[in-house]
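Let's take a look at ring pairs and nonpolar packing in this one. Have the coordinates open as you read.

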Amino acid sequence: MSDKNKAKWYVAHTYSGYENKVMDDILKTVENRGMEDVIQEVRVPMEEVIEIKDNKKKVSERKVFPSYVMIKMIMNDDSWYVVRNCRGVTGFVGPGFKPVALTQEEVESMGLEHTVIKFDYNVGDNIRVKYGALEGFLGVITEINLDKKKVKATVSMFGRDTDVELEFNQIESIA
């Protein structure tokens, strides 16, 4: 599949309070026109908020990005037209009239998608730093944080043990 025919995440700006209506309208139009293969997903990211008022706990949801709708689609004239001409949409996020797709890092940090990383390390494993300021240094993993894709390691620097935080892709195993 060429990169041009690969769905990417785009962000549409909406009038405040219109996010869910815009999402529903886009999904209805996609269904009516049979465009499910082009516009694949539409989301208004939400988060749970816990409020305590008069010693009572109230759980409610709020929009993570008010006035924005996230759309996973293959950008072409038809998909652009459907989203751009939806009532409540003021435009796509990007310079001028050209929508800009979110980067993979942005998609992951927004919680829209997660990439599964194969991670075969354990606490106590010996590692070497592959790149960065500590390139070439040796260390021992002391902690693994799968959510942040980072490890804490004790690295021997100039004869002293120093605790550092490294990203998964910065380390390699040494036998």
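Predicted model: local features only at pLDDT ≥ 70, side-chain atom pairs only at ≥ 80, totals over all residues.

Numbering runs from 1 along each chain as its sequence is written, and side-chain values use heavy atoms, leaving out hydrogens and water.

Searching the whole structure turns up three aromatic pairs. Rings of Phe, Tyr and Trp (its six-membered ring) pair if their centres lie within 6.5 Å; planes under 30 degrees apart are stacked, over 60 edge-to-face, and the rest tilted. Here are two of the pairs:

| Pair | Centre distance | Plane angle | Type |
|---|---|---|---|
| Tyr 10 and Phe 92 | 6.4 Å | 75° | edge-to-face |
| Tyr 15 and Tyr 18 | 5.8 Å | 70° | edge-to-face |

Tyr 10 sits in strand 1 (residues 8-14) and Phe 92 in strand 6 (residues 89-92), 82 residues apart, so this pair links distant parts of the chain. Strands here are DSSP runs of E, at least two residues, and helices are runs of H or I, at least four, numbered from the N terminus.Both Tyr 10 and Phe 92 are buried, whereas Tyr 15, at 49% relative accessibility, is partly exposed, and Tyr 18 is partly exposed at 34%. Buried means under 20% relative accessible area, exposed over 50%, and partly exposed in between (1.4 Å probe, protein chains only).

Now the cores, meaning sets of buried Ala, Val, Leu, Ile, Met, Phe, Trp, Tyr and Cys residues joined through side-chain atoms within 4.5 Å. The largest has 21 residues, and Ile 26, Ile 39, Val 42, Ile 71, Met 73 and Val 83 touch the most other members. Helix 1 gives this core its largest share, four residues. A second, separate core of 14 residues includes Phe 119 and Ile 171.
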